Amino acid sequence: MAKKRKSYKSALEEKEGITPPEVTNLASASKIKARRRQRPGTDALVKGIVSGDITALSRAITLVESTNPEHSKQANAIITACLPHANKSKRIGITGVPGVGKSTFIEALGRYLTDKGHKVAVLAVDPSSSLSKGSILGDKTRMEDLVRDPAAFIRPSPSGNSLGGVARKTRETIVLCEAAGFDTIIIETVGVGQSETAVHSMVDFFLLLKLAGAGDELQGIKRGIIEMADAIVINKADGDNLKAAKAAKLEFNRALHLYPAKASGWSPKVSLCSALKKDGITEVWQMITAYFDHTKANGYFEKNRSNQNSFWLLQTIDERLKSDFYNAPEIKKALKAQMQLIEEGKTTPFAAAEYLLSL
């Protein structure tokens with residue numbers, strides 16, 4: 001007699017689940033969606049920024065960074081309204097080669113300052129891919145402690161296509177952060193390169209972060225970078241690397257004596273620190289404070305801010321002319337045609353440019 005086979009249910013069989021409830025109030029759901037899409041008004045955002053509302057500040061910065069003409073118009077109105085509340089901070093630029101520990105150093109300095117009662121805003125510029133145009137924006141991940149500090153604000157921004165990787169609207173973002181009550185603005189650059197020139201033109205104090213024992217001492221003796229630096233801080237000066245860091249400090253001090261005096265009358269200093277162990281952070285801040293006391297006493301601080309405003313006026317005009325040119329409908333059409341002619345070898349880039357500029 002044949003045995004009956006047992007019937008087995010497939011493990012992949014779908015079981016009956018809970019039927020999702022139907023939306024009982026479609027009008028209410030539509031209102032919620034509309035509210036999410038609605039952009040806050042200029043007055044509301046300005047009021048929020050001045051009162052220290054981080055959400056309002058973040059939304060305003062998003063408008064500033066946007067290339068949408070409508071957003072730009074609102075952003076300009078917000079910046080104008082915030083100007084009377086700005087210009088009351090210490091602006092500090094920090095640069096260094098990738099791997100030097102910029103994020104760790106900034107977090108250590110930021111936590112030190114917030115513990116002292118300061119409000120710190122970190123504007124970290126992340127490099128954008130030239131191919132995908134994407135950006136990792138990982139500074140909030142790297143600064144785990146500082147990002148949770150209620151007295152700190154970290155805003156990573158993609159560098160986009162701007163010169164040297166400096167975010168296109170960093171200058172305007174500084175104004176918004178100052179209006180929100182942040183008394184210390186730290187700008188982190190992508191790395192050593194052309195971005196230093198742009199960052200140097202928007203900060204009061206420029207700090208160069210260096211490593212020792214990796215051939216970095218000779219790399220540091222580059223005229224352009226050293227001339228811009230108001231201080232050199234050798235990071236990771238701990239453990240077996242401490243001896244090499246002290247030797248590097250000596251070399252940098254010797255190198256600095258070869259450069260002409262700064263217009264600020266300040267003699268650049270070299271300091272050691274271990275951001276990971278929080279060693280030397282107090283000394284670095286004392287050095288920065290001494291710089292501000294010195295430049296405010298001799299009048300250079302205000303003069304430098306005035307020169308920076310003039311520089312950014314010209315930069316803004318350049319950007320606006322470039323943007324208007326490329327966004328003009330006739331230029332878009334003619335540019336495409338000229339590109340095709342160049343590919344076919346029927347014209348040269350110089351002749352094409354001359355033609356486009358004559359339109």
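Me: Before I look at any residue, what does "buried" mean here?

Reply: A residue is buried when its relative accessible area is under 20%, exposed when that value is over 50%, and partly exposed in between. The model is predicted. Take Lys 262 and Asp 230: both residues are buried. They also form a salt bridge, with 3.9 Å between the closest N and O atoms. Lys 262 sits in the loop between α12 (242-256) and β7 (269-272), and Asp 230 in the loop between α11 (223-228) and β6 (231-234), so the bridge ties together parts 32 residues apart in sequence.

Me: How should I read a salt bridge in general, and how many salt bridges are there?

Reply: Side chains of opposite charge can pair when their charged atoms come close. The criterion is a side-chain nitrogen of Lys or Arg within 4 Å of a carboxyl oxygen of Asp or Glu. The count by that rule is nine. One of them joins Glu 65 to Arg 155, at 3.2 Å from N to O. This pair links distant parts of the chain, 90 residues apart: Glu 65 belongs to helix α3 (residues 54-65) and Arg 155 to strand β3 (residues 152-158). Glu 65 has a relative accessible area of 26%, so it counts as partly exposed. Arg 155, at 14%, is buried.

Me: Which residue pairs with Asp 145, and at what distance?

Reply: Asp 145 bridges to Arg 148, with the closest N and O atoms 3.0 Å apart. Asp 145 is partly exposed at 38%, while Arg 148 is exposed at 60%.

Me: What does the overall architecture look like in numbers?

Reply: The protein has 16 helices and seven strands. Of its 359 residues, 41% are buried. The accessible surface comes to about 21,500 Å², and carbon and sulfur atoms account for 55% of that. For contacts between residues at least 6 apart in sequence, 75% join residues at least 24 apart.

Me: How do I tell whether one face of a helix is covered? Take α13 as the case.

Reply: An α-helix has 3.6 residues a turn, so residues three or four places apart point the same way. Helix α13 (residues 281-297) has 17 residues, which should span 24 Å at 1.5 Å a residue; the end C-alpha atoms are 25 Å apart, in agreement. Its buried residues are Ile 281, Val 284, Trp 285, Met 287, Ile 288, Tyr 291, Phe 292 and Thr 295. Viewed down the axis of α13, these residues fall within an arc of 155 degrees, so they line one face of the helix. Asp 293 and Ala 297 are exposed on the other side. After α13 comes Gly 299, with a positive phi near 85 degrees.

Me: How many residues of α8 are buried?

Reply: In helix α8 (residues 170-179), 10 of the 10 residues are buried, so the helix is largely enclosed by the rest of the structure. The buried set includes charged residues, Arg 171 and Glu 172 among them. Gly 181 follows α8 and has a positive phi, near 100 degrees.

Me: Which residues touch the most other members of the largest nonpolar core?

Reply: A nonpolar core is a set of buried nonpolar residues joined through side-chain atoms within 4.5 Å. The largest has 46 residues, and Ile 49, Ile 78, Leu 176 and Cys 177 touch the most other members. Helix α3 gives the most to this core, with six residues. Leaving aside residues up to four places away in sequence, Leu 176 touches Ile 49, Leu 57, Ala 60, Ile 61, Val 64, Ile 78, Ile 79 and Cys 82. A second, separate core has 34 residues, including Val 100, Ile 106, Tyr 112 and Met 287.

Me: Which residues other than glycine have a positive phi?

Reply: Asn 87 is one of them, with phi near 65 degrees. Asn 87 lies in the loop between α4 (69-82) and β1 (90-95) and is partly exposed at 44%. Lys 236 is another, with phi near 60 degrees. Lys 236 lies in the loop between β6 and α12, and at 35% relative accessibility it is partly exposed.

Me: Where is His 257, and is it buried or exposed?

Reply: His 257 is in the loop between α12 and β7. Its relative accessible area is 69%, so it is exposed. His 257 and Ser 267 are 10 residues apart in sequence, and their C-alpha atoms are 9.0 Å apart in space.

Note on methods. Residues are numbered from 1 along each chain as its sequence is written. This is a predicted model: local features need pLDDT of at least 70, side-chain atom pairs count only at pLDDT 80 or more; totals for chains, interfaces and linings use all residues. Side-chain values use heavy atoms; hydrogens and water are left out. Helices (H or I, at least four residues) and strands (E, at least two) are DSSP runs, numbered from the N terminus. Buried means under 20% relative accessible area, exposed over 50%, partly exposed in between (1.4 Å probe, protein chains only). Contact means heavy atoms within 4.5 Å. Accessible areas come from the Shrake-Rupley method with a 1.4 Å probe; for residues, only the protein chains shown count as cover. The expected span of a helix is 1.5 Å times one less than its number of residues. The arc is that of the directions from the helix axis to the C-beta atoms.
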